[in-house]
Amino acid sequence: MIKLKDKLEKTVELRSVYAQTISELMDQDNQVVALEADLSSASTTIKVLEKHPDRVINCGIQEANMIGVAAGLSLIGMKPFVHSFAPFVSRRPFDQVFLSLGYAQLSATIIGSDGGVAAEHNGGTHMPFEDLALYRAIPHATVMEMSDAVMFEDILRQVNDRKGLHYIRITRKSMQAIYEKDSTFKIGKGVILKDGSDVTIVATGLLLEEALKAHEILKEKGIHAAVLDLFTIKPIDEQLLIKYAKKTSLIITAENHNIVGGLYSAVSECLSQIEPVKILPVGVKEQFGQVGLIPYLKEYYGLTAEHIVDVVLKHLKVSNKKD
């Protein structure tokens, strides 16, 4: 069951949720093991190391080797959870992920933290706008981006008992709390946050907050916008997308990612074959990362509620002229 917060508020850091949940899973399941690439302090799994010293492995700054270790652990029946900053578990060790886990049909959960603008002061080298695209290209991989701490905890518990390769993108520190505690989610199924009949805003991660703000701005202008949380980007929720493609004349995708290969691509690929509708992207377009705080970076890359509203209004204005 999913319960929404009455209003947005700051929540606990997702890295704390990760450490706490992994520790609890280890208490319950002796096959769970956590792998780090010299970032136990950043993920706070250093606390888990104190309690379970035999099941937290620091592989050092050798991410490709860490993926190989995870594959070996999976082969002997262990359940590896692998964490590093998002670029270091996506573009850097991609060949090892593709072959040692994907091609070999082994099971592992890979946590990529601080994707996109969430990297902030770590700058362009640590700011991947392509990680979701890379994982989407791996056959049978499940690709998700977490919306808040409540969702992250629930999904971590679910993937512990699922076979296959899972990539979970998170914002390492605090996010807005969207869901009430004890909400449960279904992997592969989206969540309707707001209903509407004029336009549908499909969003993930940090951009959900902006999508909800855009909903309120548009409401004041007499435009009824639906907001969908499509946290599972692969496999995507085709039924939900088809429902809203039929219901509204326009779909906007909002993502903290390159529009090539991410949410916009996934939604477009789905609906172009089944229920063609106008789809416009709000996301990163042919740009690299840079140093800055999240508010500045959202503005720079056009990832704000105001940018979403502008895209909607420009389209509706053009449509009205045609009519």
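Reader: Let's start with strand β14, residues 278-284; why is it described as largely enclosed?

Author: This is a predicted model, and in it five of the seven residues of β14 are buried, so the strand is largely enclosed by the rest of the structure.

Reader: And how does strand β13 run relative to β14, parallel or antiparallel?

Author: Strand β13, which covers residues 250-258, runs parallel to β14, and six bridges join the two strands. To see one place where they face each other, look at Asn258, which stands opposite Val284 in β14.

Reader: OK, now strand β11; how many of its residues are buried?

Author: Strand β11 runs over residues 225-229, and five of its five residues are buried, which leaves the strand mostly covered.

Reader: Which residues sit on which side of β11?

Author: In a regular strand, side chains alternate between the two faces of the sheet. In β11, Ala225, Val227 and Asp229 lie on one side while Ala226 and Leu228 lie on the other, and both faces are covered.

Reader: Which strands pair with β11?

Author: Strand β9, residues 191-194, runs antiparallel to β11 and is joined to it by three bridges, with Ile192 having Leu228 as its bridge partner. Strand β10, residues 199-203, pairs with β11 in the parallel sense over five bridges, and here Val199 stands opposite Ala225.

Reader: What kind of unit do β10 and β11 make with helix α8?

Author: Together with helix α8, which spans residues 207-220, the strands β10 and β11 make a β-α-β unit that is right-handed.

Reader: Switching topic, where does Ser40 lie, and is it buried or exposed?

Author: Ser40 lies in helix α2, which covers residues 40-43. With a relative accessible area of 13%, Ser40 counts as buried, because the cut-off for buried is under 20%.

Reader: What does Ser40 touch?

Author: If residues up to four places away in sequence are not counted, Ser40 touches Thr45 and Ile46.

Reader: How does its radius of gyration agree with that of a compact globule?

Author: A compact globule with 323 residues would have a radius of gyration near 20 Å, and the protein has 19 Å, so the two agree. Along its principal axes, the C-alpha trace spans about 65 × 40 × 35 Å.

Reader: Last one, what does the domain assignment give?

Author: The assignment gives domain 1 as 10-176 and domain 2 as 191-314. The contact takes 32 residues from domain 1 and 33 residues from domain 2, while the centres of domain 1 and domain 2, taken over C-alpha atoms, are separated by 26 Å.

Key. Residues numbered from 1 in each chain as written. Predicted model: local features only at pLDDT ≥ 70, side-chain atom pairs only at ≥ 80, totals over all residues. Heavy atoms only, no water. Buried < 20%, exposed > 50% of the residue type's maximum accessible area, 1.4 Å probe, protein only. Helix = DSSP H or I, 4+ residues; strand = E, 2+ residues; numbered from the N terminus. Pairing = 2+ DSSP bridges. Right-handed = clockwise from strand over helix to strand, strands pointing away. Rg over C-alpha atoms; globule rule 2.2 N^0.38 Å. Domains from an automatic or database assignment. Contact = heavy atoms within 4.5 Å.
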